Amino acid sequence: MVQTSAIRSEITSIEGQLNIGYQDIGKKYVENLLENQGQNVETVLQEALNRVEPLLEKKIELEDEAIEIEKKLKDQIIIQEKAIFQKEYDQEKEKLEKAVKLDVISEQEKEQKLAKARLKLDNFDTIRKVKKQHEMGLISKEELKEKLATLGA
């Protein structure tokens, strides 16, 4: 996260420099129109354009780098969330196996409950997407609850 903040800060700095460059280009363009009726405009603007071009390239490079960092961070979060789902499933399975050994539930009941717990794990990606839909205001709270229930969550 610190890395993306530093990149965003550098991008902001470059944008400031670009704005100065753009103003310079505009000023030189207008001066050229008034003094030379727009003739040789490329020559007049070349120096300013040469200063702006590497800044634009650096900005694009930094934006791409920031996106890559954000993707990696998102992937790490997904892995952690999936591990939590797996741990919950494993704990449920252990609890149900113990209940069968203690003759509290039947093997058939254990399998039914385990299938329900497995459904949540199997639908991990879909559950994440449904929650994201709700966060984005694409579905209501009622729709969220309904969809999560059908997915075993």
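Two residues are in contact when heavy atoms lie within 4.5 Å of each other. By that criterion, residues 24 or more positions apart supply 63% of the contacts with a separation of 6 or more in the protein chain. The model is a predicted one.

**Overall build**

The protein chain has 5 helices and 0 strands. Along the sequence the pattern reads α-α-α-α-α. The radius of gyration is 29 Å, well over the 15 Å that the globule rule gives for 153 residues, so the protein chain is more spread out than a compact globule. The box filled by the C-alpha atoms is in keeping with this topic: it spans roughly 95 × 30 × 20 Å along the principal axes. Buried residues account for 24% of the 153 residues. The accessible surface is about 11400 Å². Carbon and sulfur atoms hold 53% of that surface.

**Helix α2 against helix α4**

Helix α2 covers residues 41-101, and helix α4 covers residues 124-135. The two pack at an angle of about 120°. Their axes are 11 Å apart. The crossing of α2 past α4 is right-handed. On the α2 side, the contact is made by Ile78, Glu81, Lys82 and Phe85. On the α4 side, Phe124, Ile127 and Arg128 take part. By class, the residues of this contact are 4 nonpolar, no polar and 3 charged.

**Asp24**

Asp24 sits in helix α1, which runs over residues 2-36. Beyond its neighbours within four places in sequence, Asp24 contacts Ala48 and Arg51. Lys82, one of the α2 residues in the contact with α4, is 58 residues from Asp24 in sequence. In space, their C-alpha atoms are 52 Å apart.

**Ala153**

Ala153 belongs to the segment after α5, the helix of residues 141-150. The relative accessible area of Ala153 is 48%, so this residue counts as partly exposed. Setting aside residues up to four places away in sequence, Ala153 touches Lys120, Ile127 and Leu148. Ile127 is also one of the α4 residues in the contact with α2. Leu119 lies 34 residues from Ala153 along the chain, with 8.2 Å between their C-alpha atoms.

The two C-alpha pairs are set out below.

| Pair | Separation in sequence | C-alpha to C-alpha distance |
|---|---|---|
| Asp24 and Lys82 | 58 residues | 52 Å |
| Ala153 and Leu119 | 34 residues | 8.2 Å |

Notes
Residues numbered from 1 in each chain as written. Predicted model: local features only at pLDDT ≥ 70, side-chain atom pairs only at ≥ 80, totals over all residues. Heavy atoms only, no water. Axes fitted to C-alpha atoms, helices over the stretch in contact; angles between N-to-C directions. Helix = DSSP H or I, 4+ residues; strand = E, 2+ residues; numbered from the N terminus. Left-handed = near helix turned anticlockwise from the far one by under 90°. Nonpolar A, V, L, I, M, F, W, Y, C, P; charged D, E, K, R; others polar. Rg over C-alpha atoms; globule rule 2.2 N^0.38 Å. Buried < 20%, exposed > 50% of the residue type's maximum accessible area, 1.4 Å probe, protein only. Areas by Shrake-Rupley, 256 points an atom, 1.4 Å probe, with all protein chains shown as cover.
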